[in-house]
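Subject: Handover of a structure and the findings from it

Dear colleague,

Please find below the structure that I am passing on to you. My notes on it follow, arranged by region.

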Amino acid sequence: MKNNFIENINDEKYFYSLIEDLENSKVGFYSVGLYPASLAYNCAMHGKSNNILLAPREDRDLLGAFSNDVLSDMDNETIEKIKRMGHYSSGGIRKPFDLKDLLLECEIVILASNSNHIQDDVKHALKLRKTLKRENVVLGCLVGSFCIDNKNKTPFILCNKYPNLAFFTGFHRHGALRNPNDSFTANFCHPDALTALLGARILNQLSPKIQVSPGVHNIECQYIKSIKNISSIFAGFVNNFHSDKPGMLPTINTILLTQCLDQAASVSLKVRKENKLDNKYLSLKELGYGEEIISAKEKINDKFFEKGDYTFSQLNAVKADVLGSMTLPTEGKPTRNFQAGQVLSDMLLQLNRCPKDVSEFLNWCNKYSLSQGGLEGLKSLKFWPDIYKKFKIKNNNCSMINLIYLCFNANSVEKKEIYKVLISSEEITNFCQESVKSELSLELNEKLKGDYLFNNIEIFYKKFFIDKEEKYLKKNDFSNQISKKNPSYINVLNIINNYFNN
């Protein structure tokens, strides 16, 4: 998939023309849901030029994502500007733009559909772009869920399937985008540094209130977006259920953020072996990165091996997206995935148990006017076991995702232990503390709790000062079964380790 503004860097005439006309470059958003419409509202409020075009899906209203209450509070002049972004006149008749119009008129087209439509939209856009001979139009997406291959039923990251597909991301609460005094950051990511730089420049002109920076890590950022939406459900639950215990919330939110980055670092290490970032003309520091490479290493038998690539973590808008999605706003509503977590909290309070399954939970969400179509976190959660195996994610890097997954999918006996952990601030903070440790650390912790090492001074001495093979800490020395003697968080850790064993 070719997806660059400039195919031949030696074509000086075209290069000069593109750069000189950069201020007039247009961005199109196809499939106008809540986010693109809110972004358009911000641009209509603040932008002086008309550089954004909108094309709703067929038979969809341009502003249909907004409720009547929200529409009634909007400025009429701004609404008229948005309508002009989505229509053109032909023979005195106003007609809505479609994908073909965007590809003909714009330099960047963002396919803004969710996971229900994005795969078909990418294929259609590629085919249409070729037919129109507009292959210098750069295609991007902003979907926040894993996708499923309909042929072999295998989940995947869309940007990994299309390595040159741009990814646009940042933290934008829909209501906040309509606040005339607020400002936001975003990243436009494309593996070619020059395309990322030019794309960010074009997008940065849409509104003075939205600052867009370039990045090259499209695959990692889409992974974070997808896993962040699951984490947001967990955060919504905790913020609602344990709202009277503010001391524990920073701990849980910190772990959710850290584990999002740790998982993406594992993903990056794997995908960048296949899709290397080879930027001939610009360095990462010229794009705004602090360092060219941030690498994590693990010591095994006195040798260091690369464990994760954290270079992407310098994209602050991506981290802001995670943090913002896991906190309650000072005004307006939190993200829809966060609201789903609040529903889970109410469900546990009323039923005194975990949901029987995802279907029961979705029925509750529907009662709170949260449709499944807008809950990208639940879609990603469905595919989690396959993603976990594919990218060899370690349990201490995804314990919170594992916990929320098993809240819906464990058996009834196991859910009783999970419920105890979720409702107790002491249990859940202990779970947070212990679950981020490596497997060997957990085993050692079990031994120490049972006075195993302290009861045998000789073994204790050999373990720490002589024996480097760690043969006295064998995995089978303690049980992975549910035990009444164990605190619930230890039982839940054992449940997780039985379900997930990369």
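Which residues in α17 meet which residues in α19? On the side of α17 they are Ser-399, Met-400 and Leu-403, and on the side of α19 they are Phe-431, Cys-432 and Ser-435. Please bear in mind throughout that this is a predicted model.

Helix packing around α19

Two packed helices are described by the angle between their axes and the distance between the axes. For α17 and α19, the axes come within 10 Å and cross at roughly 130 degrees. The two helices are therefore oblique to each other, since roughly antiparallel would require an angle over 145 degrees.

Helix α19 (residues 425-435) also packs against helix α22 (residues 488-499), where the axes come within 9 Å and the crossing angle is roughly 45 degrees. That angle makes α19 oblique to α22. The crossing of α19 and α22 is right-handed. From α19, the contact involves Glu-427, Asn-430, Phe-431, Glu-434 and Ser-435; from α22, it involves Ser-488, Tyr-489, Val-492, Leu-493 and Ile-496.

Leu-403

Leu-403 belongs to helix α17. With a relative accessibility of 0%, Leu-403 counts as buried, because buried means under 20%. Leaving aside residues up to four places away in sequence, Leu-403 touches Phe-234, Ile-418, Leu-422, Phe-431, Val-492 and Ile-496.

Aromatic rings

The count of aromatic pairs comes to 10. Among them is the pair of Tyr-223 and Phe-391, whose ring centres are 6.5 Å apart and whose planes stand at 75 degrees, so the pair is edge-to-face. Tyr-223 is in helix α9, whereas Phe-391 is in the loop between α16 (384-390) and α17 (399-409), so this pair ties together parts that are 168 residues apart in sequence. Tyr-223 is buried, at a relative accessible area of 0%, and Phe-391 also counts as buried, at 4% relative accessibility.

Elsewhere, ring pairs join Trp-384, Tyr-388, Tyr-405 and Phe-500 into a cluster. A charge is found over a ring as well: the charged end of Lys-367 sits over the ring of Trp-364, at 5.3 Å from the ring centre.

Helix α12

In helix α12 (residues 316-325), the buried residues are Ala-317, Val-318, Asp-321, Val-322, Gly-324 and Ser-325. An α-helix has 3.6 residues a turn, so residues three or four places apart point the same way.

Positive phi angles

Two residues deserve a separate entry. Asn-352 is not a glycine, but has a positive phi of about 55 degrees. Asn-352 is located in the loop between α13 and α14 (358-367), and at 52% relative accessibility it counts as exposed. Lys-392, likewise not a glycine, has a positive phi of about 50 degrees. The loop between α16 and α17 holds Lys-392, which counts as exposed at 57% relative accessibility.

Yours sincerely

Technical notes
Residues numbered from 1 in each chain as written. Predicted model: local features only at pLDDT ≥ 70, side-chain atom pairs only at ≥ 80, totals over all residues. Heavy atoms only, no water. Buried < 20%, exposed > 50% of the residue type's maximum accessible area, 1.4 Å probe, protein only. Helix = DSSP H or I, 4+ residues; strand = E, 2+ residues; numbered from the N terminus. Phe/Tyr/Trp six-rings, centres within 6.5 Å; stacked < 30°, edge-to-face > 60°. Lys NZ or Arg CZ within 6 Å of the ring centre and 35° of its normal. Axes fitted to C-alpha atoms, helices over the stretch in contact; angles between N-to-C directions. Parallel < 35°, antiparallel > 145°, perpendicular 65-115°, else oblique. Left-handed = near helix turned anticlockwise from the far one by under 90°. Contact = heavy atoms within 4.5 Å.
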